[in-house]
Amino acid sequence: MTRKRIVILIISGILLISFVILTVVSEKVYIALLPEVTTHTLRTSTSKDGVNERWLPGECVRKNSKGEDAVYVVREREGRFRKEFYAEEVAVDVEDTRDDGYVLVLAMVLGHMDPIVIESNLPVSDQEAVKWMNKAEYDREPIR
Amino acid sequence: MKKKTNIIAIIVLSILAIITIFPLVYTFLNAFNTGSAYGLIPKEWGIRGFYETFVRRPDYLIKFWNSLFIAICIITGQLLVSCLAGYGFSRFKFPGKNILFYLIIILMMMPYQVTLVSNYAILERLNLIGKEAAVILPAIFSPFGVFLLKQAFDMCPTEFCEAAKLDGAGEVRTLFSVMIPRAKAAVASLVILSFVDAWNMVEQPLVFLRSQYQYPLSVFLSQMNERIIGMVCVCGILAALPVLLLFLFFDEDLVEGISFTKI
């Protein structure tokens, strides 16, 4: 084997090992920098007229990149190496506001007991992976 | 007069070389661009692109590994299939041999998109859609590889095979111990050309794979819409590196192989 080929093999080996190390490091950094979200469980209630209503804390409703009202639902999906949580943006119409700060939202895709993001330490965008801080509380909640 | 012709040739070739190298230089310089505007000389310099690509997010490196895995699997399979098929076409006589070979040449001329739909139907029946095997398996059976190695084996004198047979070697032993070492240049050419083809494939992963985490780097590069220009250019350099290293490793064999098979 010529000297040129040996040098190329050494460079390739060094690059591959570097990329392996960087892959592990970047995965750790990525997980450490994920937005930390706390959720509020959406409960559907029935009004006097028999209509299903969804009341949410006002903090759950945010403005998306287009300036529209939206909420972010935490869902689960297959990630790179393991299952991960992500935020799914759902556009909503705010119909009413109560004195306690709760708002009435209309959105067909929102389901009973859906975890809606109420608080996050970083801005959340659609389909972005997140760290769900109160997952254990959500799992313990009784389904009504 | 000859000196004048030489000077003109040098000028023309220099201009062509600059035009060819210019995109690479542009990409390399803009890898250090931390702004949002392209420019030959970036106005804002920094290593933010490298930080975003190699440290902040693992997406690009994971797609690099996806590309490498798919390319290595395709090359390994292609080499095996092409060596066996090329040897068969070169050394054996069987009914329909010429018709079959012409069909392979016709397939070689067709763009991949022609057989994409039929491939999808077959892979769906085999329940392979969404798996890496859906991209790897169709690519293993390459008509170009069969053609290239058949031509290379045709150039080897039959006396070598006869001598091997006299020594008691079977067909497989003759292929791997006699024919392939003699056609080393063509094999190296096939490795490089197959790697470039597999490394740059975009349509097949887009159609046959479902999860974005399975996509190779080529698909990701085609869909990049980042505002950090440095990151786009660093990903471009990342995609070009393996091809460049492979070419530098095999460049002499590639030139010899292409001239050897008269392509």
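## The helix pattern of chain B

Reading along its sequence, you will find that chain B follows the pattern α-α-α-α-α-α-α-α-α-α-α-α-α. Its secondary structure comes to 13 helices and 0 strands. Here helices (H or I, at least four residues) and strands (E, at least two) are DSSP runs, numbered from the N terminus. This is a predicted model, in which local features need pLDDT of at least 70 and side-chain atom pairs count only at pLDDT 80 or more, while totals for chains, interfaces and linings use all residues. Residues are numbered from 1 along each chain as its sequence is written, and chains are lettered from A, with ligands numbered from 1, in the order in which they are written.

The C-alpha trace of chain B spans about 70 × 65 × 35 Å along its principal axes.

## Where chain A touches chain B

On chain A, 15 residues are in contact with 14 residues of chain B (two residues are in contact if their C-beta atoms, placed from the backbone, lie within 7 Å). Helix α1 (residues 3–32) of chain A gives the most to this side, with 13 residues. The residues of the side of chain A that touches chain B divide into 8 nonpolar, 3 polar and 4 charged. Nonpolar means Ala, Val, Leu, Ile, Met, Phe, Trp, Tyr, Cys and Pro; charged means Asp, Glu, Lys and Arg; the others, Gly among them, are polar.

## Two domains in chain A

Chain A is assigned domain 1 (1–33) and domain 2 (35–140), with bounds from an automatic or database domain assignment. The C-alpha centres of these two domains of chain A lie 41 Å apart.
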